[in-house]
Amino acid sequence: MTAADAADASDSPPAADVPAAAAVGEPVPDASKADAATEVAELDPAVRWRSRLIVTGVAVALALPVQLLATASPDFAEHVYARRIYPVVATVLNLITGWLPFSLAELILVGLTGVTAFRVGRASVALVRRRRRPRRVLGWGVATALPAVAIAWAALVLLWGVNYRRPPLAESLDLDASSPTVQELEAAAVELVELANRLREDPRIVEDAAGAIRFPEGAREALARAPRGYEPLAEELPELIGPAYGPPKPVLGSAVMSYLSTTGIFIPYTGEANVNVTAPPSRLPFIASHELAHQQGFAAEDEASYVAWRACRRHPDADYAYSGAFMAALHVESALAKADPAAFARVRARWSAACLRDLAAYASWFDAYDTPVGDLSDAVNDTYLKLQGKEGVASYGRLVLLLVAERRTRERSAR
Ligand SMILES: [Zn+2]
């Protein structure tokens, strides 16, 4: 059925009336008319308001108490939800989606976008042709969107979102994450740059024609190795890290993600860690580990990155170990650049030639996809994080606090 068909059927009876009309001996409407009648029912908010309100109410009634309890009690979020309920959720979701070689979430997203575009387009055509009153179309829009939004929100909360209410990771790990001095920042940056330089020397690392790191087997295959860092990390932090769930999924529309300034996205509905495979090899292992940290139940961005750093550090493969140090060094270095440009220059001069080639490859990837759409996408993500009660994109910088805190704890225990 096309949009024009629906518009032409504006005077047909609602679908629910069809069997009654047939029962009193009137001619049974042919298939196309019945179809048209269904369209009308869909465009008539009065027909389905009650069932839609019930669905909306049930979704809110299931998720709201859990959300309020988790907000009031981070202990509930940590010890009941994150450590007992969420591992069951993650295991079940990954039994369903983990074995698929592609991202089910991406498939669903494309399908939903298509269906939504079609339905909105059809309603717009009906409106433009003045077959519908604007108020009626608006009512249809609200009646359709309300239960969908309520179910999406409730599922987000129950399947993963409670993890946002966990107490800070620094607390669970007993780290002193207070604001660092410039000296502490510089010392941490130097240590990380030297670690990255050293790891880059590993003979297992292979280079492309320009001398930048590349994956020996290709990005998609390299992604499948990401969970291996979580196995030793689970032994190190058994209270916080569960078994490795499903592997990260390569996104088919990775180039689109690049233009949207998005390197990865964890989809709680399918439990899938989706990764943009156009990302440079110096960064991709860190991104994959970051998305797996979300899958492990670390919702906050800065904390997911910190867990990623620790997973990369324990990863048996040279490219993953290097990527973790490379990205951690870049984060601390950029915080230092704001605090003390002269100190930043001193640290920058310490990078090895090989790491600088990786930095150049990273910069050219970034330039290739730098668009205003990316800025818009950042703003959307920022709003999403703020709605979750988080500090938005700026909180990514808090990774630096955890990296410095880790070094601080090490120094104190060495004394
Ligand atoms: Zn993230």
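**Ground rules.** I count residues from 1 along each chain as its sequence is written. Since the model is predicted, local features need pLDDT of at least 70 and side-chain atom pairs count only at pLDDT 80 or more, while totals for chains, interfaces and linings use all residues.

**Confidence.** I looked up pLDDT (the predictor's confidence in each residue, from 0 to 100). The chain's mean is 83, with 82% of its residues at 70 or more. Residues 1-34 stay under 50, and there the model has 47 contacts beyond four places in sequence (contact: C-beta atoms, placed from the backbone, within 7 Å).

I found an open sheet of three strands, order 3-5-4, with mixed pairing. Strands (E, at least two residues) and helices (H or I, at least four) are DSSP runs numbered from the N terminus; strands pair if DSSP finds at least two bridges between them. Strand 3 (249-250) and strand 4 (264-267) are the edges. Strand 3 runs parallel to strand 5 (residues 272-275), joined by two bridges. Lys249 sits opposite Asn274.

**Helices.** Next I checked helix 13 (residues 284-295) against helix 15 (residues 318-339): the angle is about 85 degrees, and the axes are 7 Å apart. Axes are lines fitted to C-alpha atoms, for helices over the stretch in contact, with angles from 0 to 180 degrees between N-to-C directions. The two helices are therefore roughly perpendicular (65 to 115 degrees). Leu284, Pro285 and Phe286 of helix 13 make the contact with residues of helix 15 including Tyr320 and Met327.

Note on methods: Angles under 35 degrees count as roughly parallel, over 145 as roughly antiparallel, 65 to 115 as roughly perpendicular and the rest as oblique. Two residues are in contact if their C-beta atoms, placed from the backbone, lie within 7 Å.
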